Amino acid sequence: MKMIRVEGVVLREQPIKEQDRLVTILTKEQGLLRAFANGARNPKSRNLAATSLLTYGSFSVAESSSGTLAIRESEVKESFFSLRENLVALSLAQYFAEVAAELAPAGDPAGEMLPLLLNAIHLLSLGKKDPVIIKAGFELRFCALAGFMPSLVACASCGTYESETMKFCPVSGRLFCENCTPPETFVPVSLSVVYAMRHICFSEPNRVFSFKIAGEAKEQLEELSERYLRVVSNHNYKTLNFYKTMKR
Ligand SMILES: [Zn+2]
């Protein structure tokens with residue numbers, strides 16, 4: 001039996017039998033990892049806390065000869081407890097977890113994905129930053145990390161860097177200037193939206209959420225980043241519907 005040590009965030013916990021759990025963890029080293037936590041739902045279990053949804057922990061995992069993983073020991077590094085006091089923040093964090101479970105690689109290093117997720121959940125738990133900015137930042141940057149970087153550098157047709165209004169195609173992720181006509185469905189966007197999207201995709205990892213946007217531009221960014229994520233992941237996010245119910 002081989003033992004491995006990983007750190008990561010619990011994205012999903014499924015009850016198995018009477019007291020067991022099957023957890024999906026986003027780790028830096030191995031991307032998505034699915035492991036059984038036997039007895040973890042027993043209130044006395046030492047693995048109860050660290051195998052709970054949205055917990056950041058370190059785990060000692062045993063790998064059987066058939067490849068099945070079982071958590072032997074675990075330790076909570078951060079439980080983001082204050083998320084439980086704010087249902088909008090909590091539902092958004094659950095949505096981020098579902099996005100990560102959908103788009104992160106399994107078995108391959110997940111690079112910047114884990115720090116991005118941790119940063120987003122941390123900001124949500126602090127409750128100081130506009131959730132709409134955290135949401136758009138997480139969605140677009142996660143898409144980019146998962147191999148779906150939108151083409152935001154210049155007009156896809158003539159190469160113009162910017163024009164007063166531009167056109168964004170949420171299906172292809174391409175950008176066009178005001179003089180070019182995209183061959184695909186597009187939405188006219190203001191330059192503030194273009195700047196925000198460029199910032200999210202191209203900034204240093206620790207600066208992803210450091211931008212300002214307001215009014216109509218903010219609404220547009222919110223809608224477009226969500227639509228783009230839905231298209232590239234081709235998945236209907238249940239947690240997103242829940243977030244929208246909470247937000248009302
Ligand atoms: Zn153009």
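The model described here is predicted; local features need pLDDT of at least 70, side-chain atom pairs count only at pLDDT 80 or more, and totals for chains, interfaces and linings use all residues. Residues are numbered from 1 along each chain as its sequence is written. Helices (H or I, at least four residues) and strands (E, at least two) are DSSP runs, numbered from the N terminus.

Two packed helices are described by the angle between their axes and the distance between the axes. The axes of H3 (residues 131-145) and H5 come within 9 Å and cross at roughly 35 degrees; axes are lines fitted to C-alpha atoms, for helices over the stretch in contact, and angles run from 0 to 180 degrees between N-to-C directions. On the H3 side, Val132, Lys135, Ala136, Glu139, Leu140 and Cys143 meet Lys218, Leu221, Glu222, Ser225, Glu226, Tyr228, Leu229 and Val232 of H5, where contact requires C-beta atoms, placed from the backbone, to lie within 7 Å. This contact comprises 8 nonpolar, 1 polar and 5 charged residues. In this classification Ala, Val, Leu, Ile, Met, Phe, Trp, Tyr, Cys and Pro count as nonpolar, Asp, Glu, Lys and Arg as charged, and the others, Gly among them, as polar.

H3 also packs against H4, at an angle of about 55 degrees and with the axes 8 Å apart. H3 and H4 are therefore oblique to each other; angles under 35 degrees count as roughly parallel, over 145 as roughly antiparallel, 65 to 115 as roughly perpendicular and the rest as oblique. The crossing of H3 and H4 is right-handed. Ala136, Gly137, Leu140, Arg141 and Ala144 of H3 form the contact with Met197, Ile200 and Cys201 of H4, a set of 6 nonpolar, 1 polar and 1 charged residues.

Helix H4 (residues 191-202) and helix H5 (residues 215-233) have axes that come within 9 Å and cross at roughly 50 degrees. The crossing of H4 and H5 is right-handed. Ser192, Val193, Ala196 and Met197 of H4 make the contact with Ala217, Gln220 and Leu221 of H5. By class, 5 residues of the contact between H4 and H5 are nonpolar, 2 are polar and none is charged.

At the level of domains, the protein is divided into domain 1 (2-78) and domain 2 (85-247), with bounds taken from an automatic or database domain assignment. The C-alpha centres of domain 1 and domain 2 lie 29 Å apart. Domain 1 contributes 14 residues to the contact and domain 2 contributes 16. Strands S1 (2-16), S2 (20-27) and S3 (31-37) each supply at least two residues of the side of domain 1 that touches domain 2, and the largest share, 4 residues, comes from S1. That side of domain 1 contains 6 nonpolar, 5 polar and 3 charged residues.

Two individual residues were also examined. Glutamate 178 is placed in the loop between strand S7 (174-176) and strand S8 (187-190). With 14 C-beta neighbours inside 10 Å, glutamate 178 counts as partly exposed; a residue is buried if 20 or more other C-beta atoms lie within 10 Å of its own, exposed if 12 or fewer, and partly exposed in between. Beyond its neighbours within four places in sequence, glutamate 178 is in contact with Ser163, Glu164, Thr165 and Met166. Histidine 122 lies in helix H2 (residues 113-126) and is partly exposed, with 16 other C-beta atoms within 10 Å.

Terms used
Left-handed = near helix turned anticlockwise from the far one by under 90°. Contact = placed C-beta atoms within 7 Å.
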